[in-house]
Amino acid sequence: MAEPLRPFRLRGCGSPQKFGVAAGSLRGLLRKGCRLLQLPLAGSRLCLYEDGTELTESYFRALPPQTELVLLGPGESWQGCASDIERLLAAFCSQQGAVVEAARRLLTDERAPHRQKLLADLIHNLSENILAEDKEDDKKWFEGLESRFKNKSSYLRHSCESRMRGYMREVTGFISNVHPAARDAYRGIIDLMADKLKSVKYNGCYFDRREEEEAARLCTVEGWFSCQGPFDKDDCPCKHSINPYSNRESRILFSTWNLDHIIEKKRAVVPELAEAVKTRDGREVNWEYFYQLLFTLDNLKLVHIACHKKTNHNLSCDKTRIYRKRKQTHEIS
């Protein structure tokens, strides 16, 4: 009595295109597959797509319907789904569009949710235009932004400047908590910090890939940024990274990353500045030290939102740097 026919998804070793083939035996499936893919029956064999396991007749009978199989011709080999990745990477070296198209074909009738997610992410990451800088070269990246932004660096520079201005507003707004007798001195320090921020264009160069020497402290010239959190460990445990220059979605996602103050701005730095001004007793407050803590990479790190530690960091300002000696002036008689 003939074995009942069962459907399988069959593809060749060098192509993502899949065919529906029904057979009741391994020999019958092999014969149909070779005829369909125009391969010689002698020397050909069938294996599982997932891990490359070669089929035997008994193994074939245990397979569920719609199992994905690869038909190998003489001399061909298959190492499982990793072979697709190797093929995609090889194609990427010569033609990025071919990689995207191959990944999209793999998604056709794909039923494995995890593999679907990986392939969708691959397509998303390859559908990018990292090297483009001007609006004319990557119009989609600028969708939803004000027309005044003509290149990617100008927008990301503006975003950084906006964050720094926000920090400055917080420092200014704290003046109501400063002792009344010390408020004029506090305002004087705010003015000094504001002037310094203006002179360095609110540190927007950190996010301007054209300022290579400065930007290299946070990113590569190509624009990759890595998560530097959590603050009490050497590396981000999830290895978060992003390139906001690549595509519109990455640009939007990057806006959710935080510039995290290691010594906390609200809990430590600003209150310590207010206290230093109040108790200076003739000493000169080292405002440049507080400026570094508030507005520079000496105390700021770029952190993925999931790695932004919201609890108290339990870190404080360096007491030895709060004040500095006044500059001595010597008269020449």
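Helices and strands are DSSP runs, numbered from the N terminus. In this predicted model, histidine 308 lies in the loop that joins β9 to β10 (323-324). Buried means under 20% relative accessible area. Histidine 308 has a relative accessible area of 19%, so this residue is buried. Setting aside neighbours within four places in sequence, histidine 308 contacts Asn258, Asp260 and Val303. Histidine 261 stands 47 residues away from histidine 308 along the chain, yet their C-alpha atoms are separated by 9.9 Å.

The largest nonpolar core holds 53 residues. Among these, Val171, Tyr186, Met193, Leu273, Phe290 and Phe295 touch the most other members. Several elements each give this core at least two residues: α6 (152-173), α7 (183-199), α10 (265-278), α11 (287-295) and β9 (300-303).

Beyond its neighbours within four places in sequence, valine 171 is in contact with Tyr186, Ile190, Val270, Leu273, Leu294 and Phe295.

Valine 171 also takes part in the packing of α6 against α10. The axes of these two helices come within 10 Å and cross at roughly 55 degrees. α6 and α10 are therefore oblique to each other. The crossing is right-handed. From α6, the contact uses Tyr167, Glu170 and Val171; from α10, it uses Lys265, Lys266, Val270 and Leu273. Four residues of this contact are nonpolar, three are charged and none is polar.

α10 also packs against α11. Here the angle is about 165 degrees, and the axes are 11 Å apart. Angles over 145 degrees count as roughly antiparallel, so α10 is roughly antiparallel to α11. This crossing is left-handed. On the α10 side, the contact is made by Lys265, Val269, Val270, Glu272, Leu273 and Ala276. On the α11 side, Phe290, Leu293 and Leu294 take part. The contact of α10 with α11 has seven nonpolar residues, two charged residues and no polar ones.

α11 itself is mostly covered, with seven of its nine residues buried. The buried residues are Trp287, Tyr289, Phe290, Tyr291, Leu293, Leu294 and Phe295.

How values were computed. Residues numbered from 1 in each chain as written. Predicted model: local features only at pLDDT ≥ 70, side-chain atom pairs only at ≥ 80, totals over all residues. Heavy atoms only, no water. Core = buried A, V, L, I, M, F, W, Y, C linked by side-chain atoms within 4.5 Å. Buried < 20%, exposed > 50% of the residue type's maximum accessible area, 1.4 Å probe, protein only. Helix = DSSP H or I, 4+ residues; strand = E, 2+ residues; numbered from the N terminus. Contact = heavy atoms within 4.5 Å. Axes fitted to C-alpha atoms, helices over the stretch in contact; angles between N-to-C directions. Parallel < 35°, antiparallel > 145°, perpendicular 65-115°, else oblique. Left-handed = near helix turned anticlockwise from the far one by under 90°. Nonpolar A, V, L, I, M, F, W, Y, C, P; charged D, E, K, R; others polar.
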